[in-house]
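User: Could you walk me through the aromatic contacts in this model, and then a bit of the strand pairing?

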Amino acid sequence: LSRRPEEPVLLAELKPGRPQRYDWKSSCETWSVAFSPDGAWFAWSQGHCVVKLIPWPLEEAELCKTSERKSRSSKAEARSRGVAKEKTLECGQIVWGLAFSAWPVAEAGETDPACAVGLPCLILATGLNDGQIKVWEVQTGHLLFSLLGHQDVVRDLSFAPNGSLILVSASRDKTLRVWDLSRDGRQVQVLSGHVQWVYCCSISPDCSMLCSAAGEKSALLWSMRSYTLIRRLEGHQSSVVSCDFSPDSALLVTASYDACVIMWDPYTGEQLRTLRHVPLHSAVDYSSEVHTSSLRSVCFSPEGLYLATVADDRLLRIWALELRSPVAFAPMTNGLCCMYFPHGGFIATGTRDGHVQFWTAPRVLSSLKHLCRKALRTFLTTYQVLALPIPRKLKEFLTYRTF
């Protein structure tokens, strides 16, 4: 690959420690990585029954080294400075899905299972191989809830971004389940409609919609208010495996084994554009693989102007929304998932060998036009925009038909 200014640079690669009580060969994939909403913690499923929690930013000693090589002296120095320490959660089952959420501050007179009165805290939900969901308090490592209901692997988890403690889980049992942690983890709803394993679920930032992707050619869009199906998003030629909403909820992207990302207007169901993963034969050796560009993961950048994708052709791609070709590439091996740092500038990727990698990402200064569009689209649906008494070109810009 020719070097570009925007090309992601590998900052660090962390490897899991060898588990002592579990069979190392049972699994070794990092299927999920997650940053806490405030960006203070990073979690990754280490390819077996353990979740590693790492304070962010990474210490300088960790850059381009494995977590196994981190010296005792640097740990002692961190303790002396009062810096948060790495934590390990023993989940007892192979971990597939991860999701962080803030826990609201408890007021005087309230009994709170997670936090002391007046103290905010952070929780982490873990989706496990046996269908359980275990929810942990990050600072203490205490287990808060064991949510039972799924009959197979819990593949993905998504918290409502509004702090309501609503959690959605996606499972190989072909269902999604909605849980309310503010009501002792009560199961609120079971969403049925998929006929294959559910791989991914994503709640829109305005908490009005839920998208789910399964081993099917269509993604499903649900109402988070009534928990009913809004529509099927049909357009892919193979299994849809990943989905994500833009920060203003105005766009939805889905990634498929057909090597395409489709950008949708979730309000109308319209396909706005298709991003095709064209093989770069000069960059990698494809040998005889058939589905070398099969997509694994897609995610929006925090400001909503870029996408990151990971595919089986051993490339991390960065896309600008207005272009149909990637603006940057980075070679990586066996990528399975990707996630942007909440404040931008970094991307975390998980790999099939249990590693996690941190990459630089283009830092963006949003134009005033985009900031205005993002602010408006945070509370206006596409239909409300189209009803405004404004010029057609402005409507097209506000609905992302033009950039």
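Predicted model: local features only at pLDDT ≥ 70, side-chain atom pairs only at ≥ 80, totals over all residues.

User: How many aromatic pairs does a search of the whole structure find?

Analyst: The search finds twelve aromatic pairs, where rings of Phe, Tyr and Trp (its six-membered ring) pair if their centres lie within 6.5 Å, and planes under 30 degrees apart count as stacked, over 60 as edge-to-face and the rest as tilted. One of them joins Phe35 and Phe341 edge-to-face, at 5.2 Å centre to centre with 75° between the planes.

User: Where do Phe35 and Phe341 sit in the chain?

Analyst: Phe35 belongs to strand β2 (residues 33-35) and Phe341 to the loop between β26 (335-340) and β27 (346-351), so the pair links distant parts of the chain, 306 residues apart; strands here are DSSP runs (E, at least two residues), as helices are (H or I, at least four), numbered from the N terminus.

User: Buried or exposed, that Phe341?

Analyst: Phe341 is buried at 8% relative accessibility, and Phe35 is buried too, at 7%; buried means under 20% relative accessible area, exposed over 50% and partly exposed in between (1.4 Å probe, protein chains only). Phe341 also forms a tilted pair with Trp56, at 5.5 Å centre to centre and 35° between the planes.

User: Which residues do ring pairs link into a cluster?

Analyst: The cluster holds Phe35, Phe42, Trp44, Trp56, Phe341, Phe346 and Phe358.

User: Switching topic, what sits over the ring of Tyr400?

Analyst: The charged end of Arg373 does, 4.0 Å from the ring centre, and Arg172 lies over the face of Trp96 at 4.6 Å; the criterion is NZ of Lys or CZ of Arg within 6 Å of the ring centre and within 35 degrees of the ring normal.

User: And which strand does β15 pair with over five bridges?

Analyst: That is β14 (residues 198-203), which runs antiparallel to β15, pairing being called if DSSP finds at least two bridges. Cys201 stands opposite Ser212 in β15, and on β15 (residues 209-214) six of its six residues are buried. Four bridges also join β15 to β16 (residues 218-223), again antiparallel, through a hairpin of three residues.

Notes. Residues numbered from 1 in each chain as written. Heavy atoms only, no water.
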